[in-house]
Amino acid sequence: MEKNILQDGYALVWEENFDYEGSVCAQDWSCEIGEHWANNEQQAYTDSQENVCVRDGKLFITARREKYGIRDYTSGRITTAGKRSFQYGYFEIRAKLPKGHGSWPAIWMMPDSAKRGNPWPHCGEIDIMEHIGRRENSIWFSLHSEHHNHTRKDTKQYTTIREYKDVCSEFHTYGMEWTDGSIEFFVDGESACIYRRTDDEKDQTETAWPFDQPFYLIINIAVGGGLGGEIHKEDLPYEMSVDYVRVYQKRG
């Protein structure tokens, strides 16, 4: 059954409709820049409008084949860190994903505490949507914590992969309902997977479930890297377009 946010007692608390032109709104977003990033990624992030631009009512993030410092590729990564953070709610982002081997777009969240020195993976990470170009119809939904993360092979992994059609040619809505005991992911209003804090004593700790704190949003395209994989240079540029971002929280 398709998710009905308003019937479930939620109210809209913030939305970004990209109804302006040029750079992203400085009140809500910052462009993260630099050449050195995790996961062996090959891009430099810039604040150039060649990489991050708002036009025609949409956000466009574009990864390009161009030299920037030590990197041969540029891309864009925007964040609400220090400007808008949220704890719990329903999050909805309507986007069309890039096509091409080596592309690694993501819509995800990190906690404010990470900016204060709380290290990954102890701080936690929420991946509302990840996609890689070499698997065009696959979407990843993940949670990471110190006890449950992709670097460990001795515990449960909170990662689910689902198949969807036309994610690179049509807009789809990527959603997440986040409560104090569960996080459920949605595509076009239909549930993709749900992760719950278990009754196991270990899972009652911040080490396993660090998701009871404020998180901020990130939207980006990485190039190559551990999940992005081999880059086909002829496939660039990669372009992701975002129609809107909406955040709902429970009334009262």
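Mentor: The questions below go from the whole chain to single residues, and the model is a predicted one.

Trainee: How many helices and strands does the secondary structure of the protein chain come to?

Mentor: Helices and strands are counted here as DSSP runs numbered from the N terminus. For the protein chain the count comes to 1 helix and 18 strands.

Trainee: What radius of gyration does the protein chain have, and what does the globule rule give for 252 residues?

Mentor: The C-alpha trace spans about 50 × 40 × 35 Å along its principal axes. The chain is as compact as a globular protein of its length, because its radius of gyration is close to the value from the globule rule. The two values are 17 Å for the chain and 18 Å from the rule.

Trainee: Is Thr-62 buried or exposed?

Mentor: Thr-62 is found in strand E5, residues 58–68. Leaving out residues up to four places away in sequence, Thr-62 touches Glu-50, Asn-51, Thr-74, Ser-75, Gly-76, Pro-237, Tyr-238 and Glu-239. The cut-off for buried is under 20% relative accessible area. Thr-62 has 6%, so the residue is buried.

Trainee: Which residue forms a salt bridge with Arg-246, and how far apart in sequence are the parts that the pair ties together?

Mentor: The partner of Arg-246 is Glu-15, with the closest N and O atoms 3.8 Å apart. Arg-246 lies in strand E18 (residues 238–250) and Glu-15 in strand E1 (residues 10–16), so the pair ties together parts separated in sequence by 231 residues.

Trainee: Which strands hold Glu-239 and Arg-55?

Mentor: The side chains of Glu-239 and Arg-55 meet in a salt bridge at 3.8 Å, N to O. This pair ties together parts that are 184 residues apart in sequence, because Glu-239 lies in strand E18 and Arg-55 in strand E4 (residues 52–55). Glu-239 is partly exposed at 37% relative accessible area, and Arg-55 is partly exposed at 32%. The strands asked for are E18 for Glu-239 and E4 for Arg-55.

Trainee: Is Lys-67 buried or exposed?

Mentor: Lys-67 meets Asp-72 in a salt bridge of 3.2 Å, N to O. Asp-72 is partly exposed, with a relative accessible area of 41%. Exposed requires over 50%. Lys-67 has 57%, so this residue is exposed.

Trainee: Which residues are linked in a network of salt bridges?

Mentor: A search of the whole structure finds 9 salt bridges. The network links Glu-32, Arg-77 and Lys-115.

Conventions: Residues numbered from 1 in each chain as written. Predicted model: local features only at pLDDT ≥ 70, side-chain atom pairs only at ≥ 80, totals over all residues. Heavy atoms only, no water. Helix = DSSP H or I, 4+ residues; strand = E, 2+ residues; numbered from the N terminus. Rg over C-alpha atoms; globule rule 2.2 N^0.38 Å. Buried < 20%, exposed > 50% of the residue type's maximum accessible area, 1.4 Å probe, protein only. Contact = heavy atoms within 4.5 Å. Salt bridge = Lys/Arg side-chain N within 4 Å of Asp/Glu carboxyl O.
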